[in-house]
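Reader: I have a model open and want to learn how to read its packing. Where do we start?

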Amino acid sequence: MIRILLNTAICIVMAGSVVGIAAEPRIDHFRQLDDVWPTPNDIRRPSGAPGKDYWQQKVDYTINVTIDDERQIVTGSEKITYHNNSPDELSVLWLQLDQNRYELDSDDWLSTTASDLKQLSYDGLRTILSRQQFDGGFKISKVVDEKGQPLEHSIVHTMMRVHLTKPLNPSKSTTFSIDWRFKIPDAKAMKVRGGFEFFEKDGNYVYNIAQWYPRLCAYTDYCGWQNRQTLEAEFALEFGDFNVSITVPNDHIVASTGELQNPDDVLSAEQRKRLARAAKSDTPVYIVTEEEAKKNESSKPTGTRTWQFAAKNVRDFAFASSRKFLWDAQGVELGGKTVMAMSYWPKEGQPLWGQYSTAAVAHTIRTYSRFTFDYPYPVIISVNGPIPGMEYPMITFQDPRPEDDGTYSERTKHGLISVIIHEVGHSWFPMIVNSDERSWRWMDEGLNSFVQFLAEQEWEESYPSRSIRPDSKKSMQEYLQRTDIRPIMSNADNLISGGHNAYGKPTLALTILRESILGREQFDYAFKEYANRWRFKRPTPFDFFRTMEESSGRDLDWFWRGWFYSIDHVDIAIDQVRKFRLDSRNPEVEKQHEREERELATPSLTELRNRDLPKRVDQSDELKDFYTDFDDLMVLPAEQKSYRTLLEGLKPHERDLLQTQGNFYVVDFTNLGGVVMPLVLEIKYTDDSKQNVRMPAEVWRLNGKRISKLFFTHKEIASITIDPLDETADGDRNNNRFPRLPIEESFQLQKPKKTKNPMQQLKKAESSPEEE
C-alpha cells in the first residue's frame with residue numbers, strides 16, 4: 001500500500017521486495033533471541049538485573065610472600081578461607097595455578113601453532129627460544145587443612161583439585177593453607193602477564209608480580225566450577241579480603257593492591273609527609289624523586305623489609321617492586337572522599353611518565369566514574385615495567401617509554417595515555433563489574449575499550465583514539481569483511497584476531513548503538529544502569545543485553561544478532577533510483593508532456609544519419625494521405641470525453657489528488673553485508689538544498705536483503721547518500737551514493753634504483769677501504 005502525505009517534503013512509505021526480483025529465502029533478522037539466551041529465573045531476572053536468589057562465593061586470603069632478588073624466585077605461604085554461599089554442597093575445591101602455564105608440557109605451550117617464519121622478528125625468535133627453555137610453574141610444597149593435616153590434592157596442569165575432609169555445606173566456610181614457590185619469568189624475553197625486567201646498565205630489576213599465588217576458581221550459577229585450562233583467556237575470580245605481607249630487599253619501593261598498613265616501618269618521615277601533601281594536591285607530588293631513585297638504584301641492600309597491605313572486597317591481588325622506582329601521587333576528590341592516584345616508574349620512563357601517568361590515572365577516575373559509578377577503592381596505581389598492559393584491583397602495569405635520550409614521538413605519548421586509561425579503566429570492567437573473562441573476553445575488554453574511547457575524547461581535541469584513526473579504521477573494515485573469523489560471542493580462548501574481536505568490534509558496535517540507534521541520553525542511562533546493577537557481582541552477556549533493552553525501552557535483539565552473534569558486516573547499497581510522475585489523466589496535459597519529452601529526446605546515430613536521405617513519399621504526392629501530416633499527439637474528441645467521464649465519477653478529494661504536482665522517487669536498497677542497520681540518508685536537491693532522513697533498522701523487518709522506499713518531493717533530487725557521516729561502519733562507501741562518484745586514488749612514479757655491480761663494489765673497496 002502506498003500512502004502519500006502531501007504536506008511533507010518526503011514520504012517514506014513502502015517496504016518490500018523490489019519489483020522484478022525473484023523471491024528468495026528470507027532470514028528473519030528480527031527474530032527474538034529467546035531460544036538462544038538462557039531462561040530467566042530468580043537468580044538472573046528477565047530485566048537483566050540480579051534476582052532475589054542471586055549468590056556468589058567469597059574467598060579470603062592471608063599471604064606471606066618473599067622476592068629473592070638474586071635468583072628471581074617468589075616464595076609464598078597462604079591461608080585461604082572459602083565461604084560457600086551457593087545452594088550446593090561442595091566436596092572439592094578447584095584452584096588456578098596460573099604459573100603452570102609456563103611449564104614445558106602445558107596445554108598452552110603445546111597447543112601454540114607455528115609463527116610465520118618469513119615474518120619472524122628478532123624479538124619473536126627470542127620469545128620462542130626463551131619459552132622453550134624456561135622451566136616455570138608452581139612448586140607446591142604443602143597443602144594442609146586448618147589443623148595442619150595434609151589435604152588430598154591433584155594437579156591438572158594449570159588447575160589443582162583439593163579434596164575436603166568433609167563436604168562443605170551451603171552458608172559454611174572452610175580454611176586451608178598452601179606453600180609454594182616459582183621462578184619469575186623474564187618478561188622481556190617471553191610473552192607473560194607478570195615477570196621481571198633486568199636493566200643491564202645498573203644491574204637492577206623491576207618486578208611486576210601477577211598470577212603469583214594459587215587462587216580459587218570461580219564457582220557460578222551458570223557453569224559450576226570455571227576450571228578450564230589456562231590458555232590465552234584471562235580470569236574468572238571471586239571477591240574477598242586480602243592481607244598480604246611482601247618481603248623484599250630493604251632498598252625496594254613496593255606498589256601494591258590495597259592500602260599500606262605499616263607506613264612507619266617502610267617509608268621515611270619525609271615520604272609520609274609528601275604522601276599527606278599529595279592527598280590534598282590537584283597535581284602530582286613526588287614521593288620518591290628522580291634524584292632519590294638514581295641514588296637508590298646505585299645502592300646495595302643491607303637486609304629485607306616487609307610491606308604489609310590490606311584490601312577488602314577485591315577479586316585479585318598484584319604488586320610491583322624495585323629499587324629503581326620514582327613515585328608520585330595526587331588526591332582525586334570523588335563523591336566526598338579522596339582517591340589516591342599514583343604512579344611508579346624507573347628513570348628510563350622520564351620525562352614522559354612524570355608528565356602524563358598520574359594525570360591520566362586521575363582523568364580516568366573522573367570520566368569512568370561519571371559514565372558508571374564512583375570508583376570505590378582508596379587508591380589506583382600505574383606502574384611502568386616490562387608488561388605491555390595488564391590490570392588488577394588498584395594497580396596496573398604498562399610498558400611505553402621514551403627513547404634513551406628522553407625524546408618521544410606523539411604516537412608514543414598517546415600510546416602511554418591510552419594504555420593507562422585502558423588498564424585503569426579495567427578497575428570497573430572486570431575488577432568490579434566482575435564478568436567471566438574465561439568465557440567472554442569482550443565483556444571486559446570490549447566494554448572497557450568503549451569507555452576508554454569516551455575518556456580519550458575528553459582528554460584533548462582530536463585525540464587519535466584507535467577506533468577513529470584512519471589506519472585502525474581501515475584495519476577494522478578489513479577484519480569485518482573477512483569470512484574466516486568468529487562472532488564476538490565465541491569462547492575467549494578461541495578468538496581469531498582477538499584484538500579486533502574482543503576490543504575493536506565491540507567498541508565500534510557500542511559506539512554505533514550510542515550515537516545512531518539509542519542516542520546518547522538513552523544509551524548512557526542504560527549503560528550506567530547495567531554497571532550499577534552488577535557492581536561487585538558477576539554478570540553474563542545476557543544480563544548486559546537484557547539490561548540495555550529494558551533500560552532503554554528498545555528491542556535490540558536484531559542488533560545483538562548482527563553484531564555479536566554473526567560475522568556479517570554492514571554494507572548497504574543503493575541499487576537504483578526510479579523517478580515517477582503522477583499521470584493526471586487529462587489528455588491536454590499528458591500529450592503536451594509527451595511532446596516535450598520527444599523534443600528533448602536524443603536521436604540515435606542511425607536516426608541522425610537517415611534524416612538527410614531522400615524520402616519516396618516526398619517525391620510522389622499520390623503517396624500522401626491523412627496520416628502524412630497527422631499530429632499523433634493531437635487530443636481527440638473521444639479522449640476529451642473519456643476524461644470528462646472520469647472526472648464525473650470521482651469524488652472531490654480524488655479529483656484534487658489527480659492535480660498533485662511533484663516527484664515520486666522509488667529507491668532500491670540492497671543489504672550486501674548481512675547486518676541490518678538504520679538507513680541514514682542525505683538527500684541533495686538541484687536547488688542546492690539538502691535534507692537528512694533517518695529510518696530505524698525496522699525498515700528491514702519484512703525483508704532483510706532488499707527493500708524499496710518511496711520519497712515524494714516537490715523538488716528534483718540531485719543525489720542520495722547513505723550514511724553521509726560514516727556512523728554505521730558501512731564497508732563499501734562507493735556504493736552508498738546515487739549517482740556514483742569516481743573512485744579517487746593516487747599513484748607515484750617509480751624510478752629504478754641502480755645498484756653497483758661486483759666490479760664497481762670491489763674497485764671502490766680497494767680505493768676507499770675505510771668507507772666499507
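**Core and helix packing**

Author: Start with the core. The largest nonpolar core has 181 residues. Trp212, Phe544, Phe559 and Trp560 have the most contacts inside it. A nonpolar core is a set of buried Ala, Val, Leu, Ile, Met, Phe, Trp, Tyr and Cys residues joined through side-chain atoms within 4.5 Å. Buried means under 20% relative accessible area, exposed over 50%, partly exposed in between (1.4 Å probe, protein chains only). Helix H6 (residues 352-371) gives the most to this core, 9 residues.

Reader: What should I know about the model and its numbering?

Author: This is a predicted model: local features need pLDDT of at least 70, side-chain atom pairs count only at pLDDT 80 or more, and totals for chains, interfaces and linings use all residues. Residues are numbered from 1 along each chain as its sequence is written, and side-chain values use heavy atoms, leaving out hydrogens and water.

Reader: At what angle do H10 and H13 pack?

Author: Axes are lines fitted to C-alpha atoms, for helices over the stretch in contact; angles run from 0 to 180 degrees between N-to-C directions. Helices (H or I, at least four residues) are DSSP runs, numbered from the N terminus. H10 (residues 498-518) and H13 (residues 557-564) pack at about 150 degrees, axes 11 Å apart. That makes H10 roughly antiparallel to H13 (over 145 degrees).

Reader: Which residues does phenylalanine 559 touch?

Author: Contact means heavy atoms within 4.5 Å. Not counting residues up to four places away in sequence, Phe559 touches Ala509, Ile512, Leu513, Ile517 and Phe564.

Reader: Is glycine 553 buried or exposed?

Author: Glycine 553 is exposed, at 62% relative accessible area. Its place is the loop between helix H12 (541-552) and H13.

Definitions and conventions:
Helix = DSSP H or I, 4+ residues; strand = E, 2+ residues; numbered from the N terminus. Parallel < 35°, antiparallel > 145°, perpendicular 65-115°, else oblique.
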